[in-house]
Amino acid sequence: MNTPIHALPPSAQQPPHVPKYVYRFGAQGTEGGAGMKDVLGGKGANLAEMCRLGLPVPAGFTISTEACALSTRDGAGVLLAAIEAEVRAGLAHIEAEMGKRFGDANDPLLLSVRSGARASMPGMMDTILNLGLNDAAVIGLGRKAGNERFAWDAYRRFIQMYGDVVMGLKPTSKEDSDPFEVVIDRVKAHKGVKLDTDLDTTDLQELVQGFKALIRARIGRDFPTDPWEQLRGAVLAVFESWHNERAVVYRQLNDIPESWGTAVNVQAMVFGNRGEHSATGVAFSRDAGTGEDLFNGEFLVNAQGEDVVAGIRTPQQITLIGSRRWAELAQVDEVERQARYPSLEELMPTIFQALLQAETLLENHFKDMQDMEFTIQEGKLWMLQTRNGKRTGAAMVRIAMEMLAQGLIDEPTALLRVTPDRLNDLLHPVFEPAALQAARPIARGLPASPGAATGQVVFFADEAEAWAKGERGDGRADGRAVILVRQETSPEDLRGMSVAQGILTARGGMTSHAAVVARGMGKCCISGAGAVQVDLKARTMRIGALTWHEGDWISLNGSTGEVFDGRIPTRAVFESDLSGDLAALMALADRHRRLAVRANADTPQDALVARRLGATGIGLCRTEHMFFQGDRIRAVREMILADDEAGRRKALAQLLPMQRSDFDGLFRAMAGLPVTIRLLDPPLHEFLPHDEAGQQAMARQMRLPIAQIRQRVEALHEFNPMLGHRGCRLGISFPEITEMQARAVFEAALNVQAEGLAVEPEVMIPLVGTLREFSLQADLVHRVAAQVFAEQGAKVAYRVGSMIETPRAALVADRIAQGAEFFSFGTNDLTQMTLGFSRDDAGSFLPAYLHHGIYEHDPFRSIDQEGVGQLVALAARQGRATRPDLSLGVCGEHGGDPASITFFHRAGLDYVSCSPFRVPIARLAAAQAAVIEASSE
Ligand code: PEP
Ligand code: MG
């Protein structure tokens, strides 16, 4: 009887899957390629690719990332059994290609063993060089090289690395010195020399003996002399280093999954320290700092790779032009340059040409700027690594645009080459790099608003103003650079903030007042620096045991959240209209994006900056910010203190012309573009002073008894102001406020229209939860509009819309859209209310939440797509179901966050609105969202 096919054992139906763990590369056979980064890691994949391109790469093999997973899952024994035959075959391949044998006492093949994950993790895992040496091989190596010292130096370096990485001989505590360095220091002291290079062959032999004795004494085992055993140990150690603390932390910071694992690259050693015709170096196909299309790099003659990094010797430049530029900066004259620091181009012209050809080939092949490592051994060039180079924001932009112009990449690729957030580098001041190198951070907070700032500490907003204007108490009249240091800021601090170089707060998160306002101003700000203790009475700031007084200098890096002691000079990177490559990139982004980008701007100056940076309208003007300017606060306070409607109307009448002129300015600055003006939002108590001195000053100014002020402050006190009497609830209680603001909007619109400019006012009602709530306010606005138009005999087209910032509003969006002509998602409040996280207090527990992975990102910075995002998508759908032409935007801080922008694009919104300085970032992020969507269709 025939056995039915489905009854056969699996092996009879199909050939068994034979796992492959080892992939060879070299001139005589390469199994991998650049497309196999998942299996071979970045380094291994690119080594294989270089071989395929015919470049000179020392032969080797890569043990796959799958083997790493196997070793983690099943342990070292299973791994070694699984890969042994393949590794031996790989070794045979290297031996054949290099014409040497592993373990040969006369002419030994030596190996390097290096990690290489899918994403580059510089310095996080371990490397072992010169593997294969032992007491016999070192003699053969020295004889063959005609250089005994070289061989013994290689041997002692090998024992040192192997002893540390594989055998685990490390300092016993963090205060302890490296035990191998202790032996080196002893030998140097005995000999009376300072540098390792002063040690001769006999000294190095003594070191080798010393190292071995150290290992025996501390580990209780001998250093392995069998090369095969050495190799096994090294491979396992590299796999294990995937789990070391450095690597784990790096992965967490860079969102690299643990499951990826690392590959191991085993490769024939080549030596840059074999004399005057040997060298080692790094090269870049373009300038990583500026992006200039200029081949550049550094090298050292007669040296090993780590010598270039260690910075003991001054490296030489690869190209002649680079060498001349360097000499100018280093103030080295041409005669000395030629004698002591000649370029590779001058010193080894044939090798230079080969390297130049390699870099051109690699850049054209990978179509991106390459960062390469090479070694020259006795007149022969070897390529050891190539990868896409890390670069500054400015370089990202320039390289993308130039490669596009050169036809190397297409438009979507050029857009995707620039990380939107890195455009910050081009828009904000930066520290002088040399000065920054010497500086050490004294505290850290949240990088609330990017840029670099240096100035003298002041603790009060009014003093910040006085100091900045040059009106110090000591009569000195020089305008000062100040850093405003506060426990937290409030709207009252606005003017002080605007004149400060930077703002530092001890409390508050990424959407705290200080953070939002600073970003809007494009001003450097660090918030929530918990270690900073502010003592307002003593006018001091303490961090640990150290104290800074008013007037002391500190510096802030708002891009990293680092606070530095002292003065670090800064320089402006961007001061005018967008130009050059950045302007070209923006034009390209505009051609590809679907989302419009508006700005959150409260003043004509902000609006002009936003417009220069490419905003096509204002998506949010927070009118309350205008209430603090000049002596308006007095009229605002009169309104708050008034006993009845008549009193409030009187005070509001004083405010009307001021608001009107504010809006005049905004409409002019944004002529031809929509301007969304939001009705008053914050609780009224924010406009009153809460401290005794402030209340006294107010009493004096308004000629009122202080008791009356105190009583009002107490009456307005709320336990949860964010859920209290604010937003449209103010306008419902005090319709006269809404009336005044609406009148100011329409009168200003007509004024500016009369000047011949096009105006597009949009009035926005905040914190709406029900249609009725919206309609009550909207009806009022329409009534005032009709009145103003009748009074002036002129009209202007306008729209009235709703913020969607309470979860209820999102849930009943179909109803709200019956009245609202547009929606603007206030994702700050929407996040606060959906998550139940206070915007101002979340800083105390958010770090723990992020640490435990409860949320992946700060939900106030990047939208919680799973939760809040659902509400946005739902409201967008429901709103459009009611009103198909409903315009949809976002004006919360998420409007400037690239990941959130991608989400808003997919949710079908029309625009995002963000701080003026984030407008270019949002334009690019919107374009990236569009090209990614197009490529997946
Ligand atoms: C919001 O809540 O997202 C918003 C833009 O309003 P505000 O930040 O002023 O509360
Ligand atoms: Mg809000």
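Is Cys525 buried or exposed in this structure? Cys525 is buried, at a relative accessible area of 0%, where buried stands for under 20% relative accessible area, exposed for over 50% and partly exposed for values in between (1.4 Å probe, protein chains only). The model is predicted, so local features need pLDDT of at least 70 and side-chain atom pairs count only at pLDDT 80 or more, while totals for chains, interfaces and linings use all residues. Side-chain values use heavy atoms, with hydrogens and water left out, and residues are numbered from 1 along each chain as its sequence is written.

Cys524 is buried too, with a relative accessible area of 4%. The whole structure holds 0 disulfides, a disulfide being a pair of cysteine sulfur atoms within 2.5 Å. For Cys524, the closest cysteine sulfur is that of Cys525, and at 7.2 Å it is too far for a bond. Cys525 is likewise in no disulfide, its nearest cysteine sulfur being that of Cys524.

A cavity is a set of points, on a 1 Å grid over the protein atoms alone, where a 1.4 Å probe fits but cannot get out; lining residues have an atom within 4 Å of a point. The largest cavity has about 70 Å³ of space, the volume being that filled by probe spheres set on the points. Its lining includes Ile63, Trp228 and Arg232. Helix 4 (76-98) and helix 9 (227-241) each give two or more residues to this lining, helices being DSSP runs (H or I) of at least four residues. By class, the lining has 7 nonpolar, no polar and 2 charged residues.

Key
Chains lettered and ligands numbered in written order. 1 Å grid on protein atoms, 1.4 Å probe; cavity = no way out; pocket = protein on both sides within 12 Å on 5 of 7 lines; lining within 4 Å. Nonpolar A, V, L, I, M, F, W, Y, C, P; charged D, E, K, R; others polar.
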